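Colleague: Please put the model up, and then we can go through it by question and answer.

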Amino acid sequence: MCLQHRYSQLDLPLVDIYAARERARLGKRDDALPQIRAAIDDLLDRGQAPWCAPSTDVLVQTLLAQGDNANHAEAEAALDRLERIPLGDNFVPREIVLLRLRALLARSRGDDITYRNYRDRYRDMARTLGFEGHMAWAEEMP
């Protein structure tokens, strides 16, 4: 629909990200990752920076599912990039995603102390804000 101009083309990168997430879920991570990276770049080029938080979430979780050191480095770089995007100091959607993803990255690296620190901060923020989805995800984190 986007390509046929029957729906906003601004949403096309989001469609690409979630289609790639499904491809990765089906075991085709190597095909999905370039599409996710390109879609995030496209969002930034289009000035749709707020969408970079959930998009980076998809990228980092896809990278962590592979679990090797190269993917850890790329995941950390993606988080650092997200943190630098000018969205204001207290852009809550970015801040809560960063806490969760930094916890998951630390756990994937086997850094239990850092994991627990980020996990606890994530749980506190989710509860304070009353974000039920995040609260449920936080409770699933051991």
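Colleague: In which helix is Arg 94 found?

Modeller: This is a predicted model, in which local features need pLDDT of at least 70, side-chain atom pairs count only at pLDDT 80 or more, and totals for chains, interfaces and linings use all residues. Residues are numbered from 1 along each chain as its sequence is written, and side-chain values use heavy atoms, with hydrogens and water left out. Helices are DSSP runs of H or I with at least four residues, numbered from the N terminus. On that numbering, Arg 94 is found in helix α5.

Colleague: Is Arg 94 buried or exposed?

Modeller: Buried means under 20% relative accessible area, exposed over 50%, and partly exposed in between, with a 1.4 Å probe and protein chains only. Arg 94 has 4% relative accessibility, so it counts as buried.

Colleague: Which backbone oxygen does the side chain of Arg 94 reach?

Modeller: Contact means heavy atoms within 4.5 Å. Leaving aside residues up to four places away in sequence, Arg 94 touches Ala 53, Leu 82, Glu 83, Ile 85, Leu 87 and Gly 88. At 3.4 Å, the side chain of Arg 94 reaches the backbone oxygen of Glu 83.

Colleague: With which residue does Arg 94 form a salt bridge?

Modeller: A salt bridge is a side-chain nitrogen of Lys or Arg within 4 Å of a carboxyl oxygen of Asp or Glu. For Arg 94 the closest N and O atoms of the pair are 3.1 Å apart. The partner has 23% relative accessibility and so counts as partly exposed; it is Glu 95.

Colleague: Which residues are joined with Glu 83 into one network?

Modeller: Glu 83 forms a salt bridge with Arg 102, with closest N and O atoms 3.1 Å apart. This pair links distant parts of the chain, Glu 83 being in helix α4 and Arg 102 in helix α5, 19 residues apart. Glu 83 is partly exposed at 43% relative accessibility, while Arg 102 is buried at 12%. Through salt bridges that share partners, Glu 83 is joined with Asp 80 and Arg 102.

Colleague: How many residues apart in sequence are the parts that Asp 41 and Arg 81 tie together?

Modeller: The structure holds 12 salt bridges, and one of them pairs Asp 41 with Arg 81, the closest N and O atoms being 2.8 Å apart. Asp 41 lies in helix α2 and Arg 81 in helix α4, so the parts tied together are 40 residues apart.

Colleague: How many of the 15 residues of α3 are buried?

Modeller: Helix α3 reaches 21 Å from its first C-alpha to its last, close to the 21 Å expected, where the expected span is 1.5 Å times one less than the number of residues. What covers its buried residues includes α1, α2, α4 and α5. One of those buried residues is Val 60, which touches Ala 75, Ala 78, Leu 79 and Leu 101, not counting residues up to four places away in sequence. Helix α3 is largely enclosed by the rest of the structure because the number of its residues that are buried is 11.

Definitions and conventions:
Helices (H or I, at least four residues) and strands (E, at least two) are DSSP runs, numbered from the N terminus. A polar contact is a pair of N or O atoms within 3.5 Å; within protein, one must be able to donate a hydrogen and the other to accept it, and residues adjacent in sequence count only if both atoms are side-chain atoms.
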